[in-house]
Amino acid sequence: GNIKILNDSVVNMSNQMVGTGTNSLLSALTNPSNGIANSLKIAGIGAAAGAVGAAAVGSMMGAGGDYKMGAGETASGQQIVSGLMSRGFSKAESSAIAGNIAAESSFKTGITNSIGAYGLMQWLGSRKQQLLEFAKSQNKDSSDLNVQLDFIKKELKGGGRETEAFNRAVSESGGDVSKLAYLFGKYVERP
């Protein structure tokens, strides 16, 4: 159902981000012929088809349209990929993560959903609390893009459960960005 549609959309976005250069994410998300934006809409995650992309969307449709925007930034896919690469992730890893981020938050750092999940990766519970504490330790707002990218690095490369999940996804993907995007969602995001 909707989870399969979402997984297929994330895989397609991730593949296109790896493929054709810096504008490939915008193209992947806004090109109506590939159906990615429409699939996100059907899955209850995204916004109107064609309205997703580097500029992202003005509003999101979650369960009942209940996403709230706080202070924060709307990043582009290019910013996410290059920001992750500068933090030691490969292009394939960065693209797979960015594809999942697009599905989770449409690249909005200050977004909160109806159950309180927050930020680029829709952190919840203890992970959300760790993000807030991390931002406070840096004397920065938790919605700051660089804070969230640094926190992603801390989670995925700093040891612990998320690092193990990420390493498992990378290992099982065999270098295939499609598999990595899917496995990242399965093991790290845990939808």
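The following exercises, each with a worked solution, concern the predicted model shown above.

Residues are numbered from 1 along each chain as its sequence is written. In this predicted model, local features need pLDDT of at least 70 and side-chain atom pairs count only at pLDDT 80 or more, whereas totals for chains, interfaces and linings use all residues; side-chain values use heavy atoms, with hydrogens and water left out.

**Exercise 1. Confidence and overall architecture**

Task: State the confidence of the model and the order of its secondary structure elements.

Solution. 
1. The pLDDT is the predictor's confidence in each residue, from 0 to 100. Its mean over the protein chain is 75, and 62% of the residues reach 70 or more.
2. Over residues 20–67 the pLDDT is below 50. Beyond near neighbours in sequence, this stretch has 94 contacts in the model, a contact being heavy atoms within 4.5 Å.
3. Helices (H or I, at least four residues) and strands (E, at least two) are DSSP runs, numbered from the N terminus. The protein chain comes to nine helices and two strands, in the order α-α-α-β-α-α-β-α-α-α-α from the N terminus on.
4. Among contacts between residues at least 6 apart in sequence, 56% join residues at least 24 apart.

**Exercise 2. Burial and the nonpolar core**

Solution. 
1. A residue is buried under 20% relative accessible area, exposed over 50% and partly exposed in between (1.4 Å probe, protein chains only). Of the 191 residues of the protein chain, 50% count as buried.
2. A nonpolar core is a set of buried Ala, Val, Leu, Ile, Met, Phe, Trp, Tyr and Cys residues joined through side-chain atoms within 4.5 Å. The largest such core has 34 residues, and those with the most contacts inside it are Ile80, Ile97, Ile101, Ile152 and Leu156.
3. Ile97 illustrates the packing: beyond residues up to four places away in sequence, Ile97 touches Leu84, Phe89, Leu156, Phe166 and Phe184.

**Exercise 3. Aromatic pairs**

Task: Classify the ring pairs Phe89–Phe166 and Phe134–Phe151.

Solution. 
1. Rings of Phe, Tyr and Trp (its six-membered ring) pair if their centres lie within 6.5 Å; planes under 30 degrees apart count as stacked, over 60 as edge-to-face and the rest as tilted. Four aromatic pairs are found in the whole structure.
2. The ring centres of Phe89 and Phe166 are 5.7 Å apart with planes at 80°, so this pair is edge-to-face. Because Phe89 lies in the loop between helix 4 and helix 5 and Phe166 in helix 8, the pair ties together parts that are 77 residues apart in sequence.
3. Phe89 is buried at 3% relative accessibility, and Phe166 is buried at 2%.
4. For Phe134 and Phe151, the centres are 5.6 Å apart and the planes at 50°, so the pair is tilted. Phe134 in helix 6 and Phe151 in helix 7 are 17 residues apart, and both are buried.
5. Ring pairs also link Phe89, Phe166 and Phe184 into a cluster.

**Exercise 4. Positive phi values**

Solution. 
1. Ser106 has a positive phi near 50°, and Asn139 has a positive phi of about 55°; neither is a glycine.
2. Ser106 is placed in the loop between helix 5 and strand 2 (111–112), whereas Asn139 lies in the loop between helix 6 and helix 7.
3. Ser106 counts as buried, at 2% relative accessibility, while Asn139 counts as exposed, at 73%.
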